[in-house]
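Open the model in your viewer and keep the sequence panel beside it. This tour goes stop by stop, saying what to select and what is there.

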Amino acid sequence: MRASEPPRSPTAPIPRYRVTVCAAEPGALPTRAGFDLAVYHGLEAVAEADTVVVPSWDPDLPVAPELGEALRAAHARGARIVALCLGAFVLAESGLVDGREVTTHWHAAPLLATRHPGIRVRSDVLWTDLGDVVSSAGTVAALDCCLHLVRRDLGAAVAGEVARRLVMAPHRDGSQAQFVRTPVPDDDGPDEIAAAMAWARWRLDRPLDLDAWADGALMSRRTFTRRFPERTGESPGRWLLRQRLELARTLLETTQLPMDEVAERSGLGSSASLRRHFRQVLGTSPRRHRDQFADGPAVR
């Protein structure tokens with residue numbers, strides 16, 4: 001059995017992606033984790049891929065010329081290039097983000113910016129999606145980024161199922177901060193903000209007054225609006241809009257409800273409001289989104 005073709009349970013769903021692991025020099029590749037990776041494919045696999053993912057990288061290692069050439073050729077024919085965490089160093093060396101922006105782990109951002117002053121290095125967000133090039137911060141942010149790609153390719157319903165299997169949040173927006181001042185409550189006390197978020201998720205179809213939301217968390221409005229971004233990295237309003245858009249996307253993909261009812265159930269009010277928010281945040285229309293993800297197209 002090849003390493004790129006693991007055994008699959010007969011009850012497991014058919015995968016939507018075909019994954020091939022490759023390297024400039026196939027074979028046993030050492031890692032800093034104390035084990036080797038068995039890689040059976042060379043860079044010829046890059047020439048056939050719709051999406052090329054560059055995992056984390058050792059910044060002290062040179063990027064093989066043939067690797068940079070393979071990435072540039074894949075990009076030129078329309079493949080999506082994804083760099084996770086320190087994989088941004090490979091992306092920068094390839095020249096694909098010259099004059100553009102790239103996201104990487106905050107700890108390595110100064111080094112990357114020094115080496116490539118012509119690139120805007122982002123260390124303040126989880127991931128960046130430029131359409132043709134996608135990059136992310138560290139390990140957990142890389143998972144968020146990959147889940148974003150699943151959502152973009154296959155829809156919110158499939159992404160939600162993947163998130164459930166991984167026991168992770170179904171969506172963290174790329175613009176969210178890499179770290180926040182109060183990520184978890186001190187000691188073993190209650191997490192009032194997490195409870196307030198759960199309370200709001202059960203009421204997405206209803207008008208949600210900020211004062212009532214703060215009262216439910218046993219805080220003043222001022223304290224709530226200060227602590228919410230400290231806990232989550234975003235304002236209560238932006239967080240609530242994302243939750244409603246996620247619910248709307250799921251309803252569009254899994255039901256044939258009229259647009260007005262989708263808007264009402266997701267708390268977005270009217271079909272006009274639904275269209276406006278979809279256009280502003282997602283860059284598409286609700287109808288086009290439903291048409292695109294109705295059948296869940298397979299991709300390589």
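Start by colouring by confidence. The protein chain averages a pLDDT of 84, and 86% of the residues score at least 70; pLDDT is the predictor's confidence in each residue, from 0 to 100. This is a predicted model, in which local features need pLDDT of at least 70 and side-chain atom pairs count only at pLDDT 80 or more, while totals for chains, interfaces and linings use all residues. Residues are numbered from 1 along each chain as its sequence is written, and side-chain values use heavy atoms, with hydrogens and water left out.

Select strand E4 (residues 80-83): confidence is highest there, at a mean of 96. Helix H5 (residues 156-166) has the lowest, at 83. Helices (H or I, at least four residues) and strands (E, at least two) are DSSP runs, numbered from the N terminus. Now select residues 1-8, where the pLDDT is below 50. Beyond near neighbours in sequence, this stretch has 11 contacts in the model; contact means heavy atoms within 4.5 Å. Residues 296-300 also fall below 50, with 16 such contacts.

**The cores**

Next, select Val52, Leu71, Ile81, Leu91, Val102 and Leu112. Of the 28 residues in the largest nonpolar core, these touch the most other members. A nonpolar core is a set of buried Ala, Val, Leu, Ile, Met, Phe, Trp, Tyr and Cys residues joined through side-chain atoms within 4.5 Å. Buried means under 20% relative accessible area, exposed over 50%, partly exposed in between (1.4 Å probe, protein chains only). Strand E3 (51-54), helix H1 (65-76), E4, helix H2 (88-94) and helix H3 (109-115) each give two or more residues to this core. H2 gives the most, with five.

Zoom in on Leu91. Leaving aside residues up to four places away in sequence, Leu91 touches Ile81, Ala83, Leu96, Val97, Val102, Val133 and Ser135. Apart from this core lies another, of 15 residues, including Ile193, Ala214, Ala217 and Trp239.

**The aromatic rings**

How many aromatic pairs does a search of the whole structure find? There are five. Rings of Phe, Tyr and Trp (its six-membered ring) pair if their centres lie within 6.5 Å; planes under 30 degrees apart count as stacked, over 60 as edge-to-face and the rest as tilted. Select Trp213 and Phe224: this pair is tilted, 5.2 Å centre to centre with 55° between the planes. Trp213 sits in helix H7 (residues 210-216) and Phe224 in helix H8 (residues 221-232), 11 residues apart. Trp213 is buried at 2% relative accessibility, and Phe224 at 0%.

Trp239 lies in helix H9, 26 residues from Trp213.

**The cysteines**

Select Cys145 and Cys146. Their sulfurs are 5.6 Å apart, too far for a bond. A disulfide is a pair of cysteine sulfur atoms within 2.5 Å, and the structure holds zero. Is Cys145 buried or exposed? Cys145 is buried, at 0% relative accessibility, whereas Cys146 is partly exposed, at 31%.

**Last stop: H12**

Select helix H12 (residues 286-293). Pro286, His289, Arg290 and Phe293 are buried. They cover an arc of only 100° around the axis, so they are on the same side of H12; the arc is that of the directions from the helix axis to the C-beta atoms. The face turned away from the buried side carries exposed Arg287 and Asp291. Show the cover over the buried residues: it includes helix H4 (139-154), helix H9 (236-254), helix H10 (259-265) and helix H11 (271-282).
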